[in-house]
Amino acid sequence: MPAWRPDMPNDFIREAIKEDLRAGRFNRVHTRFPPEPNAYLHIGHAKAVWIDYGIALDFGGKFNLRFDDTNPLREEAEFVESIIEDVRWLGADWEDRLFFASDYFEQMYEWAQVLIRKGKAYVCDLSAEELSATRGTPTTPGIESPYRNRSVEENLDLFARMRAGEFPDGARTLRAKIDMASPNMLLRDPVMYRIIHARHHRQGDKWCIYPTYDWAHGLEDSIEGITHSLCSQEYEIHRPLYDWFLDQLGIYHPRQIEFARLNLTYTVLSKRRFIELVNGGYVDGYDDPRLPTLAGLRRRGYTPEAIREFCRRIGIAKTDSMVDIAVLEDCIREDLNRRAPRAMAVQNPLKIVLVNYPEGHIEELDVINNPEDPAAGTRKVPFARELYIEQDDFREEPPPKFYRLAPGREVRLRNAYFIRCEEVVKDAAGNVVELRCTYDPETRGGDAPDGRKVKATLHWVAVPTAVPAELRLYDHLFLKPDPDDVEPGKTYLDNLNPNALQVKHGFVEPGIASAPPGTRYQFERLGYFCMDRDARPGAPVFNRTVTLRDTWARIEKTLQSER
RNA sequence: UGCCGGAUAGCUCAGCUGGAAGAGCGACUGACUCUGGAUCAGUAGGUCCAAGGUUCGAACCCUUGUCCGGCAGCCA
């Protein structure tokens, strides 16, 4: 019996595997992740990958990446590449075991002949419509096909001719002969092969009959020596079929175990809906940072570490679950708080002038890169007479509990000086366009020698060296936790959050303006940001991954409701 | 009406072969503070869907009921 990590999670699948090992049903662990190459992976797939790979890791076993490419109508090589990239990015390692179900087609064909010879499969001439009509309903049995009792010889001959391309699409199928009255409708003589004259992304025109999922999947697992075939809940009712094919063939028999698929609040996790959102122009492609695709999350600034931590926290459930997206956000905050260097950026600039600061002078201030990580060191940040601060950080008539800048009030500029607002400059329309302030040279670095305190610290960027930056502020894609929570006649699209993306034209400190795409920062007091691939050197574009945890906003809300 | 799952803290979920009810998030309280939005610490919370049964002992096993989800592609 192999050793396993003593500190591994204690979920029901790992328990089942331990039991299999104890009982001698298997003496090793080998899992696989079997995506169909017809879409981009999303966070739900990350959960599956991390269950499959994590279990292999915990039991000192092996893990395969296998493309389940049995339907040439839907699959494309493009998706093979993106899926490989995503799984590798997540951190799962399949070593040299990258496989394609289509490589097993010949073996599957031979096994199909075995079933025909055993009288367990037959060629059926019913059309798709006829087949559907004779399948019955969940509560009434189906009707047996008139072709069900063809001779073995005739079945073998017709099956060979199906393969040879003698029949058009849909003309015939190969069906398993099981039980048309089974309460499990999947056992009512399911289709094993269908005729599809289409070019396969790897097999080209070699085949015109293609195996269905139910027939193929167990065989793929068997061929690869998988021990535990882990899949999502919707395949539970397929398990009898999975077992039936393997038992009839008498070949090596892996064990299928199902877990609940992931649902996340304020978003959707379905290929079909991604397509609708992209084609409808609601988002800008499959790697749009508003989408929970792995490509989108990566572009948004999520790290593989955060996604793995998320998978660890949500665990493995048997029942359908809806996970609060706040858990995912907490994971990325926790990770980035530790790792992301701090920087200063202003989203909605308000210019201030320090009237007692020398004109034309620029000084370099030493600033700590990450208070959570002393090893991150320090950097120089330029300071000057003219600065940008956040519009929200100034109120001409401050409400109670507003401790930021206001006329006559003193605050600290982070890592710099105390400043006091002396004068408010407005345009003809009465809008505040500039603040004239004084600074206290004695407070350089941010502390007053006389020990006086200020109640607020503001972030800022020096005007002469400020670099204009596009800041893309992302929020939840949908307005409601459950996007399907709609009135009759409306759809989930009516719940789209129109402010899921807000573009701001702000400024960032010069030192970060040319960082390569993918570089992550915490912009002090604003949130975590990640350089987008649309950026050009000197013309930065930052995506907001997530805001800082917003305790103050909650306090403010309760204060307001008390009044 | 058939079959298969499920119901545990405000939310989302763990809870192995029966042996003193757990986590994360959220909430609340406090500490600290040059991010009043960070960080850290602590507190509260549950008729384990209901009723009955087996047992020395049941969240767990059995029965019945209630409610929720899934299943009628030649998709995976």
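**Strand pairing in chain A**

Analyst: Of the 563 residues of chain A, 53% count as buried, where buried means under 20% relative accessible area, exposed over 50% and partly exposed in between, with a 1.4 Å probe and protein chains only. This is a predicted model, in which local features need pLDDT of at least 70, side-chain atom pairs count only at pLDDT 80 or more, and totals for chains, interfaces and linings use all residues. Residues are numbered from 1 along each chain as its sequence is written, chains are lettered from A and ligands numbered from 1 in the order in which they are written, and side-chain values use heavy atoms, with hydrogens and water left out.

Chain A contains 13 helices and 27 strands; these are DSSP runs numbered from the N terminus, helices being H or I of at least four residues and strands E of at least two. Two strands pair if DSSP finds at least two bridges between them. Strands of a sheet pair through backbone hydrogen bonds, either parallel or antiparallel.

Strand β5 covers residues 173-176. Thr 173 and Arg 175 point one way from β5, Leu 174 and Ala 176 point the other way, and all are buried. Strand β4 (residues 121-124) runs antiparallel to β5 and is joined to it by 4 bridges, with Ala 121 opposite Ala 176. Strand β6 (residues 191-195) is also antiparallel to β5, through 3 bridges; there Arg 175 has Val 191 as its bridge partner.

As for the whole chain, the radius of gyration of chain A is 31 Å, whereas a compact globule of 563 residues would have one near 24 Å; the value is taken over C-alpha atoms, and the globule rule is 2.2 Å times the number of residues to the power 0.38. Along the principal axes, the C-alpha atoms fill a box of roughly 100 × 55 × 50 Å. Among contacts (heavy atoms within 4.5 Å) between residues at least 6 apart in sequence, 70% join residues at least 24 apart.
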